[in-house]
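Okay, thanks for coming, everyone.

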Amino acid sequence: VSVEAALIAHHGQVFSIERDLDSLPLLEANVAQWGSENIHIVAGEAPAVLKELPAPDSVFVGGSGGNLSEILEYANTRLNPGGSIVVNLAVLERTQEAYRLLKKLGLATELTQVTSARGKEMPDGALRLESLNPVFIVSARLGN
């Protein structure tokens, strides 16, 4: 996500926060291979490390380490006018938590479910689609 965001926001800066130190080498390798000069990798856990970063125009949460409410509340206090927060989730309860909290914070909030399927070849050569778990995307925008 960081690499894609950096390509889209090529005039801006992307701060990729990674709390799992074992995952840092993979993130660094991906950024080195696919990224651009505007990605900054930050080792640490949100929301604590957010205090060190500039106020964001957009925040993407792909994992929260159990700190979802704290991350969203803090991100909302720092978000630039017109900014957005996007949260990807796999668990319905956390999806509801994120949606309700962002609405309560006064952001224009939307929920999207994305589903996909992977093709699996059957013994007779026929192709069958196996459903994968859905992903929920909660997006919210702060007014100007």
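Before I start pointing at things, one term: when I say nonpolar core, I mean a set of buried Ala, Val, Leu, Ile, Met, Phe, Trp, Tyr and Cys residues joined through side-chain atoms within 4.5 Å. Buried, for me, is under 20% relative accessible area, and exposed is over 50%. And please keep in mind that this is a predicted model.

So, the overview. We've got four helices and eight strands, and going along the sequence they come as α-β-α-β-β-α-β-α-β-β-β-β. The C-alpha trace spans about 55 × 40 × 25 Å along its principal axes. There are 144 residues, and 31% of them are buried. If you take contacts between residues at least 6 apart in sequence, 62% of those join residues at least 24 apart.

Now strand by strand. β3, residues 58–61, runs parallel to β4, residues 84–89, with four bridges between them. If you want a landmark, V59 has I85 in β4 as its bridge partner. Between these strands the chain goes through helix α3, residues 68–78, and β3, α3 and β4 together form a right-handed β-α-β unit.

On to the next pair: β4 and β8, the latter covering residues 135–141, are antiparallel, with six bridges. Look for L89, which stands opposite F136 in β8. Then β8 pairs with β5, antiparallel as well, over seven bridges. There you can find E110, whose bridge partner in β8 is S139.

What packs on this sheet?

In α4, I'd like you to look at T95. With a relative accessible area of 1%, T95 is well under the 20% cut-off, so it counts as buried. Leaving out residues up to four places away in sequence, T95 touches L89, L111, F136 and V138.

Okay, back to cores. Which residues of the largest one touch the most other members? Out of 21 residues, those are V61, L68, L72, I85, V87 and L102. The elements giving two or more residues to this core are β3, α3, β4, α4 and β8, and α3 has the largest share, with four. As a general point, nonpolar side chains in soluble globular proteins tend to be buried together. Take L102: again leaving out residues up to four places away, L102 touches L72, I85, L107, T109, V138 and A140.

Apart from that core there's another, with six residues, including A6, V14, V31 and I39. That takes us to helix α2, residues 24–34, where L24, L27 and V31 are buried. Looking down the α2 axis, these fall within an arc of 65°, so they line one face of the helix. On the other side, P25, L26, A32, Q33 and W34 are exposed. Among the things covering the buried residues of α2 are α1 (2–8), β1 (14–18) and β2 (39–43).

One last stop: the loop between α3 and β4, where P81 is found. Buried or exposed? P81 has 64% relative accessibility, so it counts as exposed. What I'd point out on screen is G143: P81 and G143 are 62 residues apart along the chain, and their C-alpha atoms are separated by 6.2 Å.

That's my tour, so over to you for questions.

Technical notes
Residues numbered from 1 in each chain as written. Predicted model: local features only at pLDDT ≥ 70, side-chain atom pairs only at ≥ 80, totals over all residues. Heavy atoms only, no water. Pairing = 2+ DSSP bridges. Right-handed = clockwise from strand over helix to strand, strands pointing away. Buried < 20%, exposed > 50% of the residue type's maximum accessible area, 1.4 Å probe, protein only. Contact = heavy atoms within 4.5 Å. Arc of directions from axis to C-beta.
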